[in-house]
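This briefing presents selected structural features, grouped by topic. Please consult the sequence and the coordinates alongside the text.

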Amino acid sequence: MSENRPGSLTHSQFETLLRVSQVLARAVDCSQSLREVLRALEITGHLSRGMLGVVDPDAGDLSVHLVHGLEHEEFQAVRYQAGEGLLGRILESGRSCAVVRLGDDPRFLNRLGFYESDLPFIAAPIHVGGTLQGVLAVQPDAPDDGRLAERTRFVEILANLIGQNLRLSVEMTQADKSPDGERDSLRRSVRQRPGFGNLVGHSVSMLRIFDQIRMVSKWPTTVLIRGETGTGKELIANAIHYNSPRARGPYVRLNCASLPENLLESELFGHEKGAFTGAVNARKGRFEMADGGTLFLDEIGDISPAFQAKLLRVLQEGELERVGGGRTLKLDVRLIAATHRDLEAAVDAGEFREDLYYRLNVMPIVLPPLRERLEDLPKIANHLLDRLGGMQRRPLRLTAGAHRRLAQHQWPGNVRELENCLERAAVMSESGEIDVDLIRIDKGRERAGRRPAPTTATVAATANAAVNGPGSGDGIEPGGEQSERERVIAALEQAGWVQARAARLLGMTPRQIAYRVQILNIEVKQI
């Protein structure tokens, strides 16, 4: 191991120390400064997958506090007892740990599930006032070149630098958990951290969704997540599971649209040996794998009517039989489903079973499209650039002109389209600064984005005007700038707040307008 003198540090390590010192010197929000430190380690120090763990003084174990590259919901339940795994050994010994190739060490537990097994691993204790407060763990982004001891010493220096900030960050987190500050804490965390993956924002609609996640996570209620493609439905499902009492249980995901019906049945319910050609062994299905945890079924609206009946039975009875088997299995699975389809219209068209619809739609969460929360766009763009900067090992920045250009587009492809646009701009930027000339939006998408995609209400209002003439419907104007909520309210007022009559005005069924009244938070007046 090299001596602790300036000559033992490389140029990139000096640059990293300077950047870390600057971050800590201007720190106001300790948790945010620690996130910036972990990001700096990856960009300039070539130390990826940074993790900070804190020692629980009462339990004596180590809990994961921050991870660069993972959201809080993905690691909040991860803990290590003294002597357990590589990190637990540091609790016992108080000394650093360095492994040449992580996959070769039998003590490696991989509870976070994102470390590379063929790369080195370094973890150093964080002491404050002579007491072990936590652990800093990183992974060099290249195989060992004989300088592992030197890098370990560098990580120890970094651990000493961030000790006080880690202690303050933990104290702030504990204070936020007090009952009086629970709601304010939730709103502060939404403003100060990236929220749930791509679902960054402080708009009223997003704060309401964060509240819904907090409430529904407590119970094993079935959740149906609605929203256009690219709005982040899977990220909401992740947040619900990892904030729930089932967070320590399995979390199993499946995209229903990616498999034909015969394979979907086997994939979900499992099969016995010899059940069909190629079934050489018995196999658990996703429902069995999720027993005691959560099953997330994406694009649930795309399954066939025949399979809908089989799924309904499992949801009603809480039990299933494997394909080709006769044994009934009792299961305890919390179901979260998602779809971009209008299920109410599918029910009315006979394409989706009404009883399954009601079984799934216990707790609906509706994600707004990006065009309806453009006030969140700057924060979302900066968050995505942070992730891209980590991948490219350099800082990225949008100019004011680029921000204005982004705000002029309606983003019919939502956050996914925005991410693609920014990644293309980042690749084309030599310096890391992204100006307006690098914001390239596909012309077809730009034309499509000038006006939001027509809703059922918009189409119906246009037809209504074609029959009764322009201006009919007391404000339900075709092509007007009203929101869907305003159009529904206008129809209800015209219909004397009789939903069935308002549904006819809008060309909807009573079920469809009742659903919109619910998700748009419309207070129905009693006339």
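**Aromatic residues**

F269, F287 and F307 together make up one aromatic cluster. The model under discussion is a predicted one.

- The structure contains five aromatic pairs. In one of them, the ring centres of Y115 and F121 are 5.3 Å apart and the planes stand at 85°, so the pair is edge-to-face.
- Y115 and F121 are both buried.
- A pair is also formed by Y357 and Y358, whose ring centres are 5.1 Å apart with the planes at 65°; this pair is therefore edge-to-face, the angle being over 60 degrees.
- Y357 has a relative accessibility of 3% and so counts as buried, whereas Y358, at 47%, counts as partly exposed.

**The parallel sheet and its helix**

- An open sheet is built from five strands with parallel pairing, in the order β8-β9-β12-β7-β13. Because β8 (251-255) and β13 (363-366) each have a single partner strand, they stand at the edges, and one side of each is left without a neighbour in the sheet.
- On average, neighbouring strands of this sheet are turned by 15° against each other, with direction ignored.
- Strand β7 (residues 223-226) runs parallel to β13 and is joined to it by four bridges. Within this pairing, L224 is placed opposite P364 of β13.
- Helix α6 (residues 204-216) packs on the sheet, where it touches β7, β12 (334-339) and β13. The direction of α6 makes about 155° with that of β13.

**Two sides of helix α14**

- Helix α14 (residues 400-407) has buried residues at G401, A402, R405 and L406. These four cover an arc of only 140° around the axis, which means that they lie on the same side of α14.
- The other side of α14 carries the exposed residues A400 and R404.

**T399 and its contacts**

- T399 is located in the loop between β14 (397-398) and α14. With a relative accessible area of 10%, T399 is buried, because this value is under 20%.
- Apart from neighbours within four places in sequence, the contacts of T399 are with E433, I434, D435 and V436.
- Among these, D435 is joined to T399 by a polar contact of 2.8 Å between the side chains.

**E433 and its contacts**

- E433 belongs to strand β15 (residues 433-434). Its relative accessible area is 35%, so E433 is partly exposed.
- Residues up to four places away in sequence aside, E433 touches R397, T399 and L438.
- With R397, E433 makes a polar contact from side chain to side chain, at 2.2 Å.
- E433 and L398 are 35 residues apart along the chain, and their C-alpha atoms are separated by 6.0 Å.

Note on methods. Residues are numbered from 1 along each chain as its sequence is written. This is a predicted model: local features need pLDDT of at least 70, side-chain atom pairs count only at pLDDT 80 or more; totals for chains, interfaces and linings use all residues. Side-chain values use heavy atoms; hydrogens and water are left out. Two strands pair if DSSP finds at least two bridges between them. Axes are lines fitted to C-alpha atoms, for helices over the stretch in contact, and angles run from 0 to 180 degrees between N-to-C directions. Contact means heavy atoms within 4.5 Å. Buried means under 20% relative accessible area, exposed over 50%, partly exposed in between (1.4 Å probe, protein chains only). The arc is that of the directions from the helix axis to the C-beta atoms. Rings of Phe, Tyr and Trp (its six-membered ring) pair if their centres lie within 6.5 Å; planes under 30 degrees apart count as stacked, over 60 as edge-to-face and the rest as tilted. A polar contact is a pair of N or O atoms within 3.5 Å; within protein, one must be able to donate a hydrogen and the other to accept it, and residues adjacent in sequence count only if both atoms are side-chain atoms.
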